[in-house]
Amino acid sequence: MEPTFVGGAELSGRLYAEGVRPLLSRQMPAVVHSACLIGGGSEVLGFDTARSTDHDWGPRLQLFLTPADLVASGERVRELLAAGLPGEIAGYPTNLVPVGERGTRHMVAGDGGPVQHGVEVTSLDAWLGEHLGFDPRAGVSTHHWLSTPTQRLAEVTGGAVHHDGLGQVHEVRRALAWYPDDISRYIVACQWQRVGQEEAFVGRCGEVGDELGSAVVAARLVRDLMRLCLLIHRRYPPYSKWLGSAFARLPVAAELIGPMVAALAATDWRERERHLVIVYEAVAGLHDDLGLDPRVRFFHDRPFRVLGAERYTQALIAAIDDPAIRALPLTGAIDQYADNTDLLTDRRVVMPPQFGQQR
């Protein structure tokens with residue numbers, strides 16, 4: 001029988017409380033450690049379901065040691081866990097067996113011998129170098145902020161910290177909790193810029209009989225507006241699989257999901273535009289502090305209704321105090337101008353000077 005589904009973050013906490021912590025307390029009490037569930041995986045963002053359990057999911061966590069302890073005791077810790085962890089946690093096997101060339105891990109009931117556990121024993125220094133390409137404990141520069149995909153920032157600030165004996169995991173998460181004010185204004189301004197550059201095209205494509213092109217533009221706009229709402233609410237937008245799930249958690253989602261879906265389902269550009277207008281005005285209303293009129297208007301002398309999103313871009317840029325950030329081109333952060341998975345998931349591409357360097 002399949003066990004009753006337990007969310008991966010809770011399962012990770014139980015793995016630590018019922019397995020990892022007791023073993024370390026009894027066998028290696030002098031090893032100071034932090035234990036958490038961060039990084040990749042739907043469970044880190046709280047979007048996992050029973051479907052997630054079929055691969056790369058199970059009782060797992062990161063166990064961070066000091067660099068010195070990792071060298072001196074890391075292998076012993078791994079062996080201790082392999083020999084001493086319980087065979088299952090909450091009905092789920094702790095034995096995670098790599099399958100196939102890519103090493104996808106699957107939960108397989110153990111045979112009573114050492115388990116291939118899901119505890120990643122490493123140092124925080126090494127993990128940050130691999131996952132981020134820089135160490136937030138040494139400061140986060142404008143380059144760091146703008147070259148780090150929001151998915152990566154969500155992965156470090158999401159999940160759960162079970163124990164922070166090193167006293168540094170919380171420090172890292174606080175440092176990355178959200179962009180500094182000026183950078184936040186800049187990124188939101190650039191997101192409005194994306195909307196402003198295409199909002200008139202829904203009607204223009206439709207006017208020449210290109211309903212497919214109009215629908216594609218509308219879909220791009222809906223995606224950009226969803227990401228915009230997350231940014232305004234100070235939430236890091238996740239990658240495409242979980243974008244809708246993250247958006248649905250926002251307070252404004254109940255008002256916007258209906259017209260967004262209707263805009264995507266429309267087969268006529270005028271109907272498509274009518275639903276987008278509702279979304280434009282609602283999202284613009286989230287910026288009432290800027291004192292701008294959130295009502296749509298016609299695009300110059302053409303019969304296409306638009307928000308005139310560039311007004312919001314300009315107002316946000318004008319509110320930036322740091323002249324260096326105010327002078328940046330309106331291209332934004334990396335995932336506002338790049339949409340290639342291989343690029344966004346390889347930190348060596350955009351962080352070569354810092355990649356792999358330790359604190």
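How much accessible surface does the protein chain have, and what share of it belongs to carbon and sulfur atoms? The accessible surface comes to about 16,800 Å², and 52% of that belongs to carbon and sulfur atoms; such areas come from the Shrake-Rupley method with a 1.4 Å probe, and for residues only the protein chains shown count as cover.

Some ground rules before we look around. This is a predicted model, where local features need pLDDT of at least 70 and side-chain atom pairs count only at pLDDT 80 or more, while totals for chains, interfaces and linings use all residues. Residues are numbered from 1 along each chain as its sequence is written, and side-chain values use heavy atoms, with hydrogens and water left out.

**The whole chain**

The C-alpha atoms fill a box of roughly 75 × 50 × 35 Å along the principal axes. You'll find 17 helices and 10 strands in the protein chain; these are DSSP runs numbered from the N terminus, with at least four residues for helices (H or I) and at least two for strands (E). Of the 359 residues, 49% are buried. Buried means under 20% relative accessible area, exposed means over 50%, and partly exposed is in between (1.4 Å probe, protein chains only). Look at contacts (heavy atoms within 4.5 Å) with a separation of 6 or more: residues 24 or more positions apart account for 69% of them.

**A sheet and its helices**

Now find the open sheet, where four strands line up in the order S7-S2-S1-S8 with mixed pairing. Its edge strands are S7 (118–123) and S8 (160–164), each pairing on one side only. From one strand to the next, the twist averages 20°. Strands pair if DSSP finds at least two bridges between them; S2 (residues 60–65) and S7 have six, in the parallel sense. In that pairing, phenylalanine 64 stands opposite threonine 122 in S7.

Helix H1 (residues 8–27) lies across S1 (33–37), S2, S7 and S8, at about 50° to S2. Helix H2 (residues 67–84) lies across S2 and S7, at about 165° to S7. For these angles, axes are lines fitted to C-alpha atoms, for helices over the stretch in contact, and values run from 0 to 180 degrees between N-to-C directions.

**A hairpin**

S5 (residues 96–99) and S6 (residues 104–107) pair in the antiparallel sense over four bridges, with leucine 96 opposite methionine 107. Four residues sit between the strands of this hairpin, and glycine 100 takes a positive phi near 80°.

**Rings that meet**

Searching the whole structure turns up 10 aromatic pairs. Rings of Phe, Tyr and Trp (its six-membered ring) pair if their centres lie within 6.5 Å; planes under 30 degrees apart count as stacked, over 60 as edge-to-face and the rest as tilted. Here are two of the pairs:

| Pair | Centre to centre | Plane angle | Type |
|---|---|---|---|
| Tryptophan 178 and tyrosine 236 | 4.8 Å | 35° | tilted |
| Tyrosine 179 and tyrosine 236 | 5.4 Å | 85° | edge-to-face |

Tryptophan 178 lies in the loop between H6 (169–175) and H7 (181–198), and tyrosine 236 in the loop between H9 (211–232) and H10 (240–248), so their pair ties together parts that are 58 residues apart in sequence. Tryptophan 178 and tyrosine 236 are both buried, and tyrosine 179 is buried too. Trp145, Trp178, Tyr179 and Tyr236 form one aromatic cluster.

**What about disulfides?**

A search of the whole structure finds zero disulfides, meaning pairs of cysteine sulfur atoms within 2.5 Å.
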